[in-house]
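Thank you for letting me take a few minutes of the meeting.

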Amino acid sequence: MTATRIPQRNGRSIRREAATHIFKVGQTVRVKDGFLVVPSKLPDTYRITATLPPRGNVLQYRIRSDDERHERVATEDSLELVNLSPAGSGATLIERTFGHGHGPNDERLTS
């Protein structure tokens, strides 16, 4: 993370930290509802292919669906992470949502 100094009229400068992308290249995301395109016409999931510089105060990503030939640019606030668990993993909805309880006080029964 890099810091930049922004000069002000009074001669003092404000230190502003550069924003950090929350999604990483290779992660699977979904476009949130409220996107400007009819949701039924959008693919279900996208893969992050690149992080882009901010546009104003909003971070951007290059995303791609396996169902399309082209890439799209999306802002961070329009995306949500998709947690892909392998089919047949046996995880319940609660476990997929909140994890498998791998905390330090987790006591598991063994057979």
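Leaving aside its neighbours within four places in sequence, which residues is Ile63 in contact with? With contact meaning heavy atoms within 4.5 Å, the residues that Ile63 touches are Val29, Val31, Tyr46, Arg47, Ile48, Thr49, Glu71, Arg72, Ala74 and Leu79.

Before I go on, please keep in mind that this is a predicted model, in which local features need pLDDT of at least 70 and side-chain atom pairs count only at pLDDT 80 or more, while totals for chains, interfaces and linings use all residues. Residues are numbered from 1 along each chain as its sequence is written, and side-chain values use heavy atoms, with hydrogens and water left out.

Let me begin with the overall layout. The protein has one helix and seven strands, where helices (H or I, at least four residues) and strands (E, at least two) are DSSP runs, numbered from the N terminus. Read from the N terminus on, the elements follow the order β-β-β-β-β-β-β-α. Of the 111 residues, 19% count as buried, a word that stands for under 20% relative accessible area, with exposed meaning over 50% and partly exposed in between (1.4 Å probe, protein chains only). Among contacts between residues at least 6 apart in sequence, 34% join residues at least 24 apart.

Now to the way the strands pair, which here requires that DSSP finds at least two bridges between them. Strand 3 and strand 4 run antiparallel and are joined by two bridges, and Val29 has Tyr46 in strand 4 as its bridge partner. Strand 3 also runs antiparallel to strand 7 (residues 79–81), with three bridges between them, and there Val31 stands opposite Leu79. Strand 4 and strand 5, again antiparallel, are joined by six bridges, with Ala50 having Arg62 in strand 5 as its bridge partner. The hairpin of strand 4 and strand 5 has two residues between the strands, and Gly56 in this hairpin takes a positive phi near 70 degrees. Finally, strand 5 and strand 6 run antiparallel with five bridges, and the hairpin that joins them passes through six residues.

Several of these residues come back when we turn to the core. A nonpolar core is a set of buried Ala, Val, Leu, Ile, Met, Phe, Trp, Tyr and Cys residues joined through side-chain atoms within 4.5 Å. The largest one consists of nine residues, namely Phe23, Val29, Val31, Tyr46, Ile48, Tyr61, Ile63, Ala74 and Leu79. Strand 3, strand 4 (46–55) and strand 5 each supply at least two residues of this core.

What about aromatic rings? A pair of aromatic rings is described by the distance of the centres and the angle of the planes. The rule used here is that rings of Phe, Tyr and Trp (its six-membered ring) pair if their centres lie within 6.5 Å, and planes under 30 degrees apart count as stacked, over 60 as edge-to-face and the rest as tilted. By this rule there is one aromatic pair. It is formed by Phe23 and Tyr61, which are edge-to-face at 5.5 Å centre to centre, with 65 degrees between the planes. Because Phe23 lies in the loop between strand 2 (13–17) and strand 3 (28–31), whereas Tyr61 is in strand 5 (residues 58–64), the pair ties together parts that are 38 residues apart in sequence. Phe23 is buried, with a relative accessible area of 7%, and Tyr61 is buried too, at 0% relative accessibility. Tyr61 also stands opposite Ala74 in strand 6.

Arg64 stands opposite Glu71, and the side chain of Glu71 makes a polar contact of 3.2 Å with the side chain of Thr49. A polar contact is a pair of N or O atoms within 3.5 Å; within protein, one must be able to donate a hydrogen and the other to accept it, and residues adjacent in sequence count only if both atoms are side-chain atoms.

Glu68 is buried, with a relative accessible area of 14%, and a polar contact of 2.8 Å joins its side chain to that of Arg72.
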